[in-house]
Each structure stands twice: as structure tokens, then as C-alpha cells.
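Please examine the sequence and the structure shown below before reading on. The paragraphs that follow lead through a selection of features, step by step.

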Amino acid sequence: MANKWNMIIDVANCDNCRVCFLADKDEHIGNDFPGYSAPQPAQGHNWIEIERNERGSYPIVDANFMPVMCNHCDDAPCMKAATNGAVKKRDDGIVIIDPLKAKGQKQIADACPYGAVSWNEELQLPQAWIFDAHLLDDGWKQTRAEQICPTDVFKSIKRSDAEIQALVEAEGLEVLKPELGTKPRIYYKNLHLMTQCFVGGSVVTQINGVVECVEGAEVVVRKDGNDVGRATTDTFGEFKVDKLEKNSGSYQIEVRGSGGSLSQTFEVEGKSPYLGVMKLS
Amino acid sequence: MKFSAILWGIPQAMRTVAAIYPEFSERLKEKNITAQFRVADKELGRWIKLNNGKISSGSGIHEKPDVSLIFKNEAIGASFLTPPFDQLERIDAAKNFKIGVEGPDDLAVWFMALLARLETITWKAGTDMGNGVMRYTNGTNGGPLFVYVKDGKIIRTTPIEFDDTDAQPWSIKARGKTFTPPRKTTLPAHGICQKSMVYSKERILYPMKRVDFDPNGNRNIQNRGKSEFERISWDEALDIVSNEIKRCKSVGPGAVAVANGSHHQWGNLGHYLSAFNRFWNLIGVTKLVHNPDSWEGWYWGAMHHWGNSLRLGASEPYGTVEDCLKEAEMIVFWSSDPDATYGFDGTRRRSWAKELGIKMVHIDPYMNHTAAHLGGKWISPKPSTDAAFAQALTYVWITEDTYDKEFVEKRTTGFSEWKAHVLGEDDGIPKTPEWQEAETGVPARDVRALAREWAKKKTYLGAGGWGSGVGGACRGPMGVQWARMMTILGAMQGMGSPGSNFGNLQFGTPLDFNFYFPGYAEGSMSGDLAYSANSANNYQRMPHIVTMSSVRQAIPRIYLPEAIMEGRAMGYLTDVASVQGQFFPFGYPSPGHVPVEMLYKYGSASFGTMVNSNRWVKMYQHDNLKFVVNQSVWNEGETKFADIILPACSVFERWDISEELNVGPAYVHHMYSMCNHRVINMQHKAIEPLGESKSDYDIFLALSEKLDMGAVYSEGGQTELDWCKRVFDSSDISKHISWKKFLKKGYFVVPPEPEASRAPTAYKWFYEGRKKDVPEPAPLPSEYVNNFGEGLQTPSGKYEFVPETLGRFDDPDRPPLNKYMPAYEDPNKEAELADYPLQLLSPHSRYPFHVMGDDEGSSLRDIREHRVLVDGHYYLVARVNQQDAIDRGVVDDDLIRLWNNRGSIVCAAQCTDRIRPGVVSVATASAEYRPMGEPGKSTDLGGCVNLLNPSKSITKKSHGIKPNSTLMEFEKWTGVDTWKPVEPAAEIKEGAA
């Protein structure tokens with residue numbers, strides 16, 4: 001089986017420094033790579049975009065970022081939308097929108113369910129991140145995003161589809177919008193940071209008339225009587241139980257620690273709930 | 001070789017080179033000239049005549065040469081002209097009149113540069129990558145990079161990835177793991193956006209004149225910032241500028257003032273401390289004295305407790321990366337966001353700390369980038385109140401008996417007075433966690449939990465951006481109190497013991513600190529011994545001619561507008577030689593000097609960086625300012641507030657040489673220890689200057705020639721490339737790699753220090769009561785009260801809880817005992833502030849470098865956390881609390897107006913829970929100034945948040961800014977500007993007192 005390109009993106013490592021986003025602009029603005037891509041406009045096109053997702057409420061908050069770009073789908077909607085064979089799938093898995101044949105075909109941009117194909121108004125061209133195919137073909141070992149990323153977000157690997165599937169299983173990798181069946185070649189690690197909720201709280205107790213943080217309290221979160229997550233409070237009495245589905249309804253939480261225990265229910269809607277100061281007695 | 005034989009050889013060499021190199025033969029055609037070489041003591045010489053590129057030459061003395069090079073005698077002439085050139089000998093000959101030049105200055109410079117080119121034309125730069133692509137190197141404020149060029153155009157820039165021949169990096173073994181940094185450089189956003197800046201639509205490509213400016217008639221000063229510009233020739237521009245310099249000099253000393261930003265494009269030669277200062281020293285100008293920007297609280301406060309004046313009061317950093325990784329159990333990041341502004345080499349090291357399970361705590365009203373990335377406990381005090389929080393920590397340590405008593409007893413003074421104050425024995429107020437809660441909003445329980453954890457665990461205090469000082473809370477109204485508290489915390493937990501120190505892994509990598517390469521603050525070719533660290537190494541290492549301004553007048557930078565508009569300004573010196581140097585006041589005007597009439601602005605976006613910046617706008621339209629030049633690469637907010645605009649080229653269009661993050665001694669010695677590798681690199685001239693732009697050096701050389709100083713300025717026609725070679729020769733790099741190889745490859749990685757001889761850990765010597773053993777030549781020998789190398793730079797030689805030096809001065813805002821004194825803007829105390837319920841933070845951005853990179857054509861503009869595109873304009877982002885936004889009917893990306901009595905701006909809202917309620921954070925990141933109406937008196941759409949910040953000094957008797965708790969309000973933007981400034985009369989008087 002032929003080896004094909006894939007990219008694994010670890011959401012937990014991305015801190016929105018934007019150098020991948022800018023390296024792509026550096027590569028394409030003002031540069032014509034015949035057969036691969038026409039020049040990107042000076043502003044307004046983000047072929048690698050960074051999505052932002054903040055979770056929680058002040059003061060228990062986390063901020064997460066996720067690079068999103070052309071998924072180089074094996075069953076790409078843009079290919080189906082294209083006429084004239086303007087979008088081609090290379091043997092190595094990379095999808096190229098032909099900068100000549102695609103002229104005027106706005107439907108190629110509109111077809112992408114990930115919003116990853118930009119429309120170049122001036123050139124009348126749909127354009128997207130080309131997996132730096134022109135550089136890989138020229139002997140580069142990695143993409144520019146991977147080269148410049150200071151926090152190891154990206155890992156491009158050329159493997160057989162079977163090997164990738166094994167990796168997906170082993171590392172719990174996910175793709176965006178799997179329900180569409182587009183078979184993306186961009187895989188995500190720790191995607192729950194973008195898609196799921198946590199519950200957090202600050203556990204305290206009163207000792208000699210003074211409020212103190214409770215370290216080491218055991219926290220159990222249950223749904224319909226089943227454990228769905230556990231945590232232990234830290235020095236500041238804080239805990240976080242992650243990976244709760246959005247809009248998943250009501251949960252029970254139980255906290256036991258020095259000073260006593262408590263239990264209560266909470267709802268998970270769109271936003272990660274912060275249960276506030278929880279006093280053990 | 002005999003002198004006459006050498007002279008005979010020169011035209012031969014010129015013919016040979018012209019035959020091989022078309023560039024040289026073209027150059028010969030530039031001027032028709034007869035040049036004479038001769039000796040002074042007899043009739044001996046040779047002339048060379050160039051006529052339409054043809055060379056003729058004859059022995060003897062020409063009757064009418066255009067230019068003559070005169071040597072005192074044959075021996076001096078022979079030595080001067082025989083390679084390899086001895087630079088010291090050449091300088092000696094020039095300084096002591098052993099050689100001389102006759103003839104028009106510009107012709108002489110041209111001819112001498114032509115002679116120098118005979119050698120340099122054979123030099124080759126860059127790596128051929130095939131397919132017509134050349135790979136060069138260059139340097140930015142964000143680090144060095146590779147620059148790929150094809151057909152005279154930059155096609156890409158990348159980090160520098162090391163090859164097999166480059167030095168291997170260091171490793172640190174900690175708790176069973178081995179950590180080694182990747183073998184490449186990192187680049188932040190403002191480094192990798194540079195190609196877009198080079199080709200930005202806002203590049204200034206031609207000299208320009210304001211259409212209604214007539215130097216000999218009506219100057220229409222009131223129209224600066226409003227009128228359009230027209231293209232003029234370089235010759236006309238240089239004539240106008242040089243004539244104005246001469247006119248001002250005839251008015252009297254000090255009539256010309258020069259203003260530069262704190263930073264320039266990266267590079268040693270092109271830096272303002274080099275080419276710029278050299279020229280202005282030769283003119284004699286009123287200088288702006290920069291306040292210790294970014295070090296405010298450390299310089300004016302912390303320094304008194306522990307010295308470190310040559311680090312502007314910040315901590316020594318050596319060895320802390322290794323010690324932290326090996327020993328520390330917790331890092332407290334206090335107003336510390338290194339991931340925002342210092343590139344990403346340190347980010348890697350902090351990821352190792354996370355991998356080792358070192359606990360992280362972040363104290364900042366905004367959950368900053370570093371906090372968001374690393375995770376850990378976020379504590380969010382109200383802006384400026386952190387000193388109360390810190391005092392309460394010491395209360396817990398004192399009452400629970402968990403501070404380092406042996407250290408306090410042996411290495412410090414004044415603790416009993418401090419302890420009594422904390423316990424409330426002197427003022428009746430114990431500084432309890434509950435006491436601080438009312439001030440800071442931080443729950444008392446969190447303070448107790450942190451204090452106990454800190455006492456239990458070996459802790460690194462990462463205070464400020466670098467962990468060892470700088471930025472953040474030190475530059476607020478109570479920044480002095482805060483920075484002083486940071487040192488008190490360090491002292492109470494025995495700084496210098498294993499795992500207990502200052503740092504956040506940003507500073508102090510185990511590099512070679514003995515390998516010399518100059519940093520930009522060493523002044524490079526400036527010859528300036530007074531206002532740079534030139535005399536420390538550079539002046540001996542790279543012989544060059546001293547320059548010195550004879551004008552003694554100076555203006556405190558913050559109060560330049562007051563100096564111009566009101567004719568007076570008062571400040572205190574930034575003097576790093578001693579602790580007490582900062583007590584010296586200085587004022588404008590100076591005795592025997594005259595008021596400033598001309599301002600030469602270098603770089604052009606200070607409306608974004610200078611506090612209460614509407615003052616600056618008004619200054620430009622004031623009658624007292626007769627003439628303004630702006631020399632700049634880009635057309636930015638301030639540029640058009642000028643009469644003449646001179647187009648400088650970018651660093652990619654000229655030669656320079658530098659080392660990543662090396663600024664030299666005098667304020668941040670060994671600053672490159674923020675890097676994982678010492679990378680010294682050529683800054684190749686990768687492309688020709690765009691349009692008619694010129695390098696700063698060439699602009700100053702051209703102006704020099706108008707004043708017959710070109711030969712002096714350029715030391716006899718030296719070009720930037722010649723100077724690069726001289727810098728190379730002056731440094732230790734020349735012992736490791738040949739010039740030609742270095743020039744071609746473009747960079748050199750300095751091998752790291754072998755593990756056995758790494759620099760010791762900061763303050764370990766002090767903790768253990770030994771002589772100072774870290775490799776910094778500081779303090780100055782005269783600053784030790786004991787024997788050389790013994791103790792700290794304080795009157796006692798010990799850490800002083802109640803500093804004696806502050807007792808020798810009388811600043812009411814800096815009493816020796818570091819009392820908690822609320823000094824933030826308070827609506828309860830000042831009626832005119834009652835309409836402004838929110839507090840403003842104005843940190844640096846992580847995307848532009850200050851405002852560099854925020855050009856209207858820059859690719860940074862598409863970053864949603866920097867600017868948001870609304871109706872065709874990119875608005876700067878304001879981070880507002882989610883609840884505050886809801887209360888005002890504002891959602892993400894809405895345009896909002898932020899204002900107070902001083903200023904009004906429009907931003908795009910980023911609604912977030914990452915900021916405590918009641919606080920707004922807007923980065924000082926705007927290079928644009930776009931007033932809706934009258935400049936200085938209307939709302940700015942560019943987003944210059946400093947329009948809102950106060951200009952009062954951080955303490956009564958100092959010179960420093962204090963933004964970071966400015967009161968303001970915001971509302972959804974209506975599109976109609978109704979804002980009117982309330983004249984800050986009292987404030988202006990403050991600066992001009």
C-alpha cells in the first residue's frame with residue numbers, strides 16, 4: 001500500500017502564537033507556484049486558521065486553540081463540486097486545486113464543509129493550504145507549519161492508510177465532522193478541548209473561624225448513577241473534571257475531604273460550568 | 001613594499017577588477033575625477049584619472065586634482081595602503097593628522113569607497129540553493145532567519161535550522177530526564193511577518209515634502225498631520241534638511257533635538273545607538289533621555305534593596321534554568337508573561353518544567369498567554385494592588401514562622417522593622433490575608449494556601465516578563481512598591497539556595513558567557529563613549545574614531561511635548577553606574593542653550609507607545625517647533641506630522657551583523673541567555689533597497705557630505721559591509737571561522753559552555769556567603785563597600801529590607817519602609833474620574849514588537865486576537881470581561897469605543913473570562929493613528945490606547961510611566977464621534993515642574 005501524507009495536530013500544545021498562520025502567508029503571498037497555487041492576496045486569506053475556544057468562567061478558565069486548514073479529504077466535497085477536473089487527488093493523498101483549471105469555480109470554495117477554501121476575488125480562484133506539496137516535492141522533509149511551530153503542534157507523517165488507522169486507534173485521534181464522511185487526512189489529538197466541557201469548583205472549609213482551601217478532597221461526578229469522572233482538589237481546593245458532552249443535561253457531584261462532604265447537581269449546557277466556592281461541612 | 005610601487009599597483013588592480021566585475025566597471029563610470037595620492041614631505045605621488053569609466057594614471061603630482069589623499073611620509077603611506085589593514089594604525093593616522101584629504105567631501109568619500117570596493121567585491125554572500133534561489137541570513141527583533149531570494153525578490157523567510165557542522169547544543173539532566181533544545185532558532189509573529197513588512201503597501205519609497213511647507217516662506221505648522229505630501233528628489237530633501245540644521249546651529253546650541261524609539265530594526269550598525277548617534281554627535285543635539293522603560297519599579301524601587309544597578313535593578317540570571325529544572329518544585333509567575341514578548345526558546349524550557357510536574361501559579365489580572373498555555377492556578381488581583389497581596393504572604397510566613405531565618409539573620413538588614421510593620425506594630429494594621437482581600441479582591445484563603453505551599457516547596461519566583469524583572473506590574477502606579485515586594489519575598493525565602501531563586505526559565509541558559517561578540521548597546525560604529533557601553537569592550541576591540549556631542553541639553557523623553565509647548569521639562573537621570581545616580585535631577589532648558597526648534601524623528605509610531613499621546617499630537621502643531629523631519633521605513637501614524645519625510649530601507653536591504661538577543665553590557669548583560677543557542681549572523685543585503693529608500697547609514701552619510709563631514713562620518717568612505725568586517729574582526733568569532741566562510745554561510749553557532757565549567761547559579765555565592773562568582777562585571781568596583789566582590793551593591797553589602805539609600809533621598813512615594821500606599825486612579829478620591837468605572841491594562845502585544853509589525857500592509861493584521869476587519873478597516877482588539885460586555889450589550893468582534901478625559905479610541909471587542917471583571921486589556925500595539933476629526937482632539941480609529949494613559953511620573957521624584965490601572969469606560973460604538981478632551985492642565989504641569 002502506498003504511503004500517503006497525513007497531519008496530526010495536538011490541540012493541547014497550541015497556544016495561538018500564530019507563527020504557522022504567518023509562515024503560510026509568508027510562503028504564498030506574492031509567490032506563484034505553477035501547478036500548485038497562485039499567489040495569496042496580501043491580506044484577508046487565512047489558509048491556516050486558528051480557532052479559539054475558551055472554557056469555564058472566571059476564575060477557572062482555560063483557553064484552547066486549534067489550527068484548521070484544508071483537510072485533504074479522501075472523499076472531498078470540493079472535488080465533487082469541481083468541473084473540468086480542477087481539483088485533483090495526488091497519489092500521496094494531497095488535494096490540489098489546480099490554479100488554472102479552477103478559475104471561476106467559486107462552487108469549489110463553497111463546497112468545503114470546513115470553510116477551509118478561500119475565494120480569491122481578484123484572481124477568481126478558490127485557494128487552500130496545499131500541504132506544502134511544492135516543498136515536499138522539492139525534497140523538504142516537513143511542512144513550514146511544522147518547521148516553525150515552537151510547541152510541537154504539528155506532525156506530518158507519510159504512512160500507509162492501514163498504519164494511520166492503527167495510530168488513530170492507539171492515540172485516540174479524531175477528525176473534524178466525521179459524520180460527513182469526507183475522510184480527512186488531518187487528525188486531531190485532544191480535540192475535546194474544543195468540543196467538550198469541564199466542570200470546576202473551589203472547595204473550602206472553615207477552620208477556627210477562618211475559610212481555608214481544602215487540598216486533597218475527592219471529587220466524583222456521576223451521570224444517572226454512573227461515574228463519569230473523578231478528580232482530587234489541588235492546593236487551592238480547585239478541581240476540574242473534563243470531557244463532559246455539551247448540552248448533556250444534569251449531573252451529580254460529590255465532594256469528600258477534610259472538613260466534611262457535600263453533594264449537589266449541576267447542568268451542562270453550552271458552557272463549562274464553574275460551581276463556585278463549595279463549602280464542606 | 002615601496003610606496004611608489006604600491007601606488008603603481010592601484011590603477012592596475014582597478015583595471016583587473018573592472019575587467020572581471022561589471023559592477024566595478026559600472027561604478028567607474030559614475031564620476032569623472034582625478035585623484036591624487038601624495039606624500040606631504042616631498043614631491044612624490046601618483047594620480048589616477050577616471051573619464052567615462054576609463055582609467056589613466058601617472059606618476060608624480062597632478063596640477064589640478066579633484067581629490068587628494070595626502071600621507072605624512074612614504075612609510076605611513078605604504079603601511080596605510082598595504083593589506084591586511086591594521087585598523088588601529090589607520091585610525092591613529094587619521095586622528096593624528098598623518099593622513100589628510102583635500103577636495104570636495106562627497107568626491108573624497110566616493111573615491112575612498114571605490115578603493116575599498118577593490119577588496120570587498122571579491123566577497124561572496126549567501127548559499128546557492130539551485131533553481132536561481134539564493135539563501136541569505138538576516139536578523140529581526142524576534143531572532144535570526146533564513147531569507148530565500150529569487151530574481152531580486154524575497155520569496156520566503158524561515159527559522160535557521162542548524163546543519164551537521166554546527167555546534168551541538170547543551171543538555172540538562174534533571175530528575176532522571178535529559179533535556180536538549182532543538183537545533184534551530186525560533187521566531188515569534190513579528191519575526192515571521194517581516195516579508196509582508198518589506199513589501200507592505202505602506203513603505204515610504206521616496207523623499208517627500210509636505211505640500212504646504214515652504215522652508216523659506218510659510219511653514220504652515222498648524223497643518224502637520226493634515227496636509228498631503230509630494231515627492232521630491234533626494235538632493236532637494238537633503239538640501240532642505242542640511243540647511244535647517246545649519247540654520248538651527250546658528251540659533252544656538254541645542255536647537256536641534258533628535259527622537260528615536262526604544263527599539264530599532266535589529267542589527268549592530270544600523271541601530272540608533274550606532275549610525276544615528278554617530279551622526280548626531282557630529283552635529284551636536286539636544287538628546288531625549290529615555291526613562292528606564294519596562295524596568296520602572298525595578299529601577300526606581302527594587303534596586304535600593306539589592307543593587308544590580310547595571311541591570312536596572314533586576315536580578316542576576318545565571319544558572320537558573322538548570323537549577324530550576326533540577327531543584328524547584330513550584331514556579332510562581334507574578335505579572336509574568338514570557339510567551340507574549342520574548343520569542344519561544346523559553347517556551348520549550350517551560351514545557352520541560354511542566355513535564356517534570358513542577359507546579360505553576362500565575363498572578364495577573366489577565367490570564368495571560370503563558371498562563372493559558374502552561375495551566376496551573378490563576379490568581380487575579382485588581383490591577384496595581386499586588387503589593388498588598390505580597391505583604392500578606394510575608395504576614396503568613398512571619399506568623400507561621402516559615403521564612404528562611406538563617407538567611408535573614410546573616411545576609412540581610414532591617415528585618416525587625418519590616419516584621420513590625422507587617423504585624424501592624426507601627427501602624428496598627430496587621431497585613432493579614434483578610435486585610436489584602438479588601439484591596440486586591442484575592443480571597444484570603446488563596447493567599448494562605450499559596451504562602452504555605454511556597455514555604456513548603458522550593459520555589460522560583462518569576463517576577464515580571466523575564467522572571468528576573470521587566471514589564472508588567474512594575475510599570476503601574478504602584479510598580480515601585482510591587483517590585484520592592486518581589487525582592488522582599490525572595491529574601492525571606494533565601495534566594496540563592498537550591499531551587500529558590502528568581503526566574504521563570506526565560507533567562508539563564510547554560511551558554512558560553514566568555515565568548516565575545518558585541519551587542520547593539522555597545523554602540524557599534526557610533527564612537528559614542530558617553531551614551532552606550534562602547535567603552536566596555538567595543539572601543540578597544542574595534543578601533544574607531546570617538547564622537548561626542550558638545551551640546552549638553554537634554555529632555556526627559558516622557559515630557560518632550562511639555563518641553564516644546566511650555567518651554568520647560570524636568571526629569572531624573574537614568575544612570576546605571578550607581579544606585580544614587582537616579583537621584584540627579586535635570587531640566588530643560590539648559591544654561592547657555594537655546595530652545596528646540598527642529599525635531600528629527602527616527603521611526604514613527606510614538607502615538608502608540610508614548611503615554612497621554614494626544615500631547616504628542618498637539619506638540620507637532622505647535623508654533624515653537626519650526627521644522628520636523630521624519631526618517632522612517634513605513635508610513636505610520638506619526639509619519640505625516642512632519643515637514644520632510646526621508647525613506648529608510650528595511651534591514652533586508654542593507655548590510656549588518658549581529659547576534660540574537662545580544663544587547664551587550666550596561667543594562668542587560670548576557671541577554672542572549674534567553675536563547676537556547678548563541679547564534680551570530682550576518683544580516684545580508686538580500687535585495688536592493690525598494691524605491692529610492694536608503695539605509696540609515698547611507699542617509700546620514702549623505703547628510704554628512706552636505707556638511708563636509710562625510711569622510712569623518714564614514715571614516716574615509718567605509719561602507720556598511722566594510723564595517724561588518726570590522727565588527728567580525730573585533731569579536732571572538734574570527735578565531736573560529738574565516739570571514740569569507742562566515743559571510744557566505746551567514747551564521748555561526750557558538751558552542752555551549754562544557755557542563756563542568758557552566759556559570760554558577762545566581763545568588764548562590766551570596767546565600768553561601770562567598771565572593772561573587774557569576775560572570776558579570778557588575779557592580780562597578782567602587783560600588784562595593786567591602787572588599788571587591790564581597791556582598792551586594794548596598795551600603796551594608798547585605799540585602800536591605802529597609803534600604804538606606806532611599807533614606808538618603810526624599811521621594812514621598814518611595815519611603816525606606818515599603819509601605820502599602822494605594823496610588824491607582826481612584827474614582828472615590830477624584831471626582832472627575834467618577835464616570836470611569838473600569839481599569840485599563842495596556843501591556844505589550846505578542847504579535848507586533850511594541851508597534852513594529854503593525855503596519856497597515858502587514859500580515860499580522862489578519863490575526864483575530866490582534867485586529868479584526870470591520871467594514872474595510874482592521875480595528876485593534878480590546879479584551880473585555882464577558883460580564884462587563886453583557887452589561888453594555890457588547891458581543892465578540894463588536895466595535896466599541898474606549899475613553900476617558902485624555903483620549904478616546906475605537907477597538908473590536910474580544911469578550912472573555914480570561915480577565916477579571918472591571919478590567920479591560922488593550923495592547924500598546926497600534927502603529928496607526930486615524931483621528932476621526934481634529935488630530936489630538938478626536939476619537940482615534942487606529943487604536944492608540946496610550947491616548948488614555950496618564951503622563952505623571954511613577955513616583956514624584958523619578959522619571960517613569962505608570963499605565964496599567966487607568967480608569968476608563970467603554971460602550972458599543974455608534975459611529976459618531978462626540979468625544980471632547982478635558983485639558984489635563986494639572987498633569988502637564990507635573991511634567992514641567
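A residue is called buried here if 20 or more other C-beta atoms lie within 10 Å of its own. The model under discussion is a predicted one, and this criterion can be applied directly to one of its residues. Pro510(B) has 22 other C-beta atoms within 10 Å and is therefore buried.

Where does Pro510(B) lie in chain B? The residue is found in the loop between strand E21 (501-502) and helix H21 (538-541) of that chain. When residues up to four places away in sequence are left aside, Pro510(B) touches Trp170(B), Val321(B), Glu322(B), Pro752(B), Glu753(B) and Arg758(B).

Chain A may be considered next. This chain contains seven helices and 17 strands, and its C-alpha atoms fill a box of roughly 75 × 35 × 35 Å, taken along the principal axes. Of its 281 residues, 47% are buried. Among the contacts in chain A with a separation of 6 or more, 59% are made by residues 24 or more positions apart.

Strand E1 of chain A, residues 4-10, illustrates how strands are arranged in this chain. Five of the seven residues of E1(A) are buried, so the strand is largely enclosed by the rest of the structure. Which strands are joined to E1(A) by bridges? One is strand E8 (residues 154-159) of chain A, which runs antiparallel to E1(A) and is joined to it by six bridges. In this pairing, Lys4(A) stands opposite Arg159(A). Another is strand E9 (residues 186-189) of chain A, which runs parallel to E1(A) and is joined to it by four bridges. Here Asp10(A) stands opposite Lys189(A).

A further pairing in chain A involves strand E2 (residues 49-57) and strand E3 (residues 60-68), which are antiparallel and share nine bridges. A hairpin connects E2(A) to E3(A) through two residues. Within this pair, Ile50(A) stands opposite Pro67(A).

The final topic is the nonpolar interior. In soluble globular proteins, nonpolar side chains tend to be buried together. In this model, the largest nonpolar core has 339 residues. The members that touch the most other members are Val19(A), Val256(B), Leu393(B), Leu898(B) and Cys907(B). Which element gives the most residues to this core? Helix H15 (residues 386-399) of chain B does, with ten residues. Leu393(B) touches Val447(B), Leu450(B), Ala451(B) and Leu489(B), again leaving aside residues up to four places away in sequence. A second, separate core has 20 residues, including Met14(B), Trp47(B), Leu114(B) and Ala711(B).

Methods: Residues numbered from 1 in each chain as written. Chains lettered and ligands numbered in written order. Predicted model: local features only at pLDDT ≥ 70, side-chain atom pairs only at ≥ 80, totals over all residues. Buried ≥ 20, exposed ≤ 12 C-beta atoms within 10 Å, placed from the backbone. Pairing = 2+ DSSP bridges. Contact = placed C-beta atoms within 7 Å. Core = buried A, V, L, I, M, F, W, Y, C linked by C-beta atoms within 7 Å.
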